Amino acid sequence: MSYIVVENLKKDILSRNLFENINFSIAKNEKIALVAENGKGKSTILKILAGVIEYDKGDITTQNGIHISYLSQNPDLEDNNTLNEELRNTGSKFLKAVSEYEEAIQDINDPKRLELAMNEMNRLNAWEYENVVSEVLERLKLSDYRDEKISSFSGGQKKRLALVKILLDEADVLLLDEPTNHLDIEMIEWLGNYLRNLEASILLVTHDRYFLDKVCNTILELDRGQLYKHIGNYTQYLEYREKRRLDENINIDKTRTYLKREYEIISKQPQGRQSKDGARIRDNQLARENLGSKNTVDKVSLDVVSDRLGSKILELHNVSKSFGEKKILDKFTYTFEKGSRIGIIGENGAGKSTFLDLILGKKEIDGGKIVKGETVNFGYYSQHQEELNPNLTIIDSINEVASEIKLSDGKFISAGKMLERFLFSGTIQRTKIEDLSGGERKRVALLKVLMNNPNFLILDEPTNDFDLMTLEVLEEFLINFKGCVIIVSHDRYFIDTTVDHLLVFKGDGEIDVFPGNYSDFINKKGSDKPKDPTPKVAVVKKSESDEKKVILKEIKRIEDKLEDLKNKMFNLGDDFEKIEKISIKVKELESELELKTNKWLEIAS
């Protein structure tokens, strides 16, 4: 049974064709992920189905009586409402009854109100539903804000409240635009389980690949104006996509061979141009159009050479920072070394972004000291980048920073080629910044950071607002990056792929240092992992071949670090204090190497 059927859908924006002749359906209880590059129409499709914007051509048929709920990236909430009042603004009679009951309990001056509220709860048999409401609010950390005005909420709290309203709205179809943004890792894991078990159809856009694997059973890919459907999870889709692209490349090679042969025939027989039959001309033209429609951008290495880091990089000695009674750091000590790849995880509000601001000198520490090496050149990407000049084109905006950067083989990659690698190809590079989508602007901002050729990258939530294709390119860049990296992210897949140590912010100034990535951390955590009332599903890994490559690179990086440290020890002579410090680090790395090697052997077997 199809709840929604979309036929020949077309949409133009600013005289540009976004998509056309799009066909798909949403069946009962089907859970679909929509994937595409930023600016290609993912959010637009959700808005069209939600009735927020009009489409230009096509037909959308919705089954009678179907209730659709839509979560946008910018939720529309009434600032003067309290949380409870906002919950009552949904179409759910159960949610209205529960919200009224919760308020009536607090209204001690009106016992009649409580009596009426309880009668309504009994009439609807809504007591079990009240438990669901409490569970959802608690899991999304909003339980303590029921009587607070929305005007006092942070952006993340507003997004979470909008998500609460969607989850409790008893909708038949949920349209979710980046539902994991502003959620910490624990919330994302809970939400994945909740949606997977929810009896409703879902069409969602998200960058979190583990989340996709857990929730979705169908993938719709919008690629160069065509919609491809794959039945299965995201990992299976990746294998399908690679096969499809391989087939496309074979066809491109065949087309090039055909065109070359045609050119040779025509050039040798100039008189034949007039006598060629119409069919041959049409075949030639179709071949050219087919070639132009494919992604023929040559892949260039992203192994960029950064300025060399000296022996001293970044050291934190007994650093403390508090805001009133809230501790962020409490005499925290840590030394960053060459090749440090650190992921920072923890609940929202635990101080992760503040930690970055302290390192960058944007905020003052309360005690201790931070020592930065003279050769360190920070590259900082945050969720709140400085505004780009809207009147510049993409290529001109990048050229403001640099027109080229050097690769490890001594060659240079131009700004244009770098843009191609980050999915801005051909004439798109001449598009003005003001005409880009929000995600495309973020991609330009990231590229400006990378083109500055830093040797120490600090990335604060780089996965928010990026499409999956951009994340794949960024992951490749970071894997090849020779400098230091600090990443704050709630994207577990991204953390797994790009870091080898974690700083776990536990709150109240407590920070644990863990050797490994996020999956290593969860495996080690074991029984200490938060209990979830919904059925557990193992986190789905990427394909084995991809995972082997990542682990082998991690093993090589650890081996290089060990060799470097052992050489240092050899050259220290009788400086036993420094030798002891380095030997502790050597033991940590050897333990980590054993962990990674065992993981590789497990996959290889």
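Just after helix 12, G361 takes a positive phi of about 80 degrees. Helices here (H or I, at least four residues) and strands (E, at least two) are DSSP runs, numbered from the N terminus. The model is a predicted one: local features need pLDDT of at least 70, side-chain atom pairs count only at pLDDT 80 or more, and totals for chains, interfaces and linings use all residues. Residues are numbered from 1 along each chain as its sequence is written, and side-chain values use heavy atoms, with hydrogens and water left out.

Stay with helix 12 for a moment. Helix 12 covers residues 352–359, and seven of its eight residues are buried. Buried means under 20% relative accessible area, exposed means over 50%, and partly exposed lies in between (1.4 Å probe, protein chains only). The areas themselves come from the Shrake-Rupley method with a 1.4 Å probe; for residues, only the protein chains shown count as cover. The buried residues are K352, T354, F355, L356, D357, L358 and I359.

Now return to phi. Most residues other than glycine have a negative phi. Which residue has a positive phi of about 65 degrees although it is not a glycine? That residue is N29. N29 sits in the loop between strand 2 (16–27) and strand 3 (31–35). Its relative accessibility is 33%, so N29 counts as partly exposed. H182 is another case: its phi is positive, about 75 degrees, and H182 is not a glycine. Look for H182 in the loop between strand 6 (173–177) and helix 7 (185–197). H182 is partly exposed, because its relative accessible area is 32%.

Helix 7 has 13 residues and reaches 19 Å from its first C-alpha to its last, close to the 18 Å expected at 1.5 Å a residue. The expected span is 1.5 Å times one less than the number of residues. Why is helix 7 largely enclosed by the rest of the structure? Because 11 of its 13 residues are buried. Among them are W190, Y194 and R196.

Helix 6 (residues 155–167) can be checked in the same way. Its 13 residues should span 18 Å at 1.5 Å a residue, and its end C-alpha atoms are 19 Å apart, which agrees. Helix 6 is mostly covered, with 11 of its 13 residues buried. The buried ones include G156, K159, R160 and L167.

Next, look at charges. Side chains of opposite charge can pair when their charged atoms come close. A salt bridge is a side-chain nitrogen of Lys or Arg within 4 Å of a carboxyl oxygen of Asp or Glu. How many salt bridges does a search of the whole structure find? The search finds 23.

Start with E135 and R139, whose side chains meet in a salt bridge at 3.1 Å, N to O. Both lie in helix 5 (residues 127–139), four residues apart, about one turn of the helix. E135 has a relative accessible area of 25%, so E135 is partly exposed. R139, at 17% relative accessibility, counts as buried.

The side chains of K141 and D184 also meet in a salt bridge, at 3.5 Å, N to O. This pair links distant parts of the chain, 43 residues apart: K141 is in the loop between helix 5 and helix 6, and D184 is in the loop between strand 6 and helix 7. Is D184 buried or exposed? At 1% relative accessibility, D184 counts as buried. K141 is partly exposed, with a relative accessible area of 27%.

E510 and K506 form a salt bridge too, at 3.6 Å, N to O. E510 is partly exposed at 40% relative accessibility. K506 is partly exposed as well, with a relative accessible area of 48%. Elsewhere, E100, E103 and R113 are linked in a network of salt bridges.

Some charges gather in a patch. K312, K369, K578 and K581 form a positive surface patch. Patches are made of residues with over 30% relative accessible area and no salt bridge: like charges are joined within 9 Å, and nonpolar side chains (Val, Leu, Ile, Met, Phe, Trp, Tyr) within 5 Å. Lys and Arg count as positive and Asp and Glu as negative; His and the chain ends are not counted. K369 lies in strand 13 (residues 367–372). Its relative accessible area is 49%, so K369 is partly exposed.

Finish at L9, in strand 1 (residues 2–13). L9 counts as buried, at 0% relative accessibility. The C-alpha atoms of L9 and G58 are separated by 4.3 Å, while the two residues are 49 residues apart along the chain.

Conventions:
Charge placed at Lys NZ, Arg CZ, Asp CG, Glu CD.
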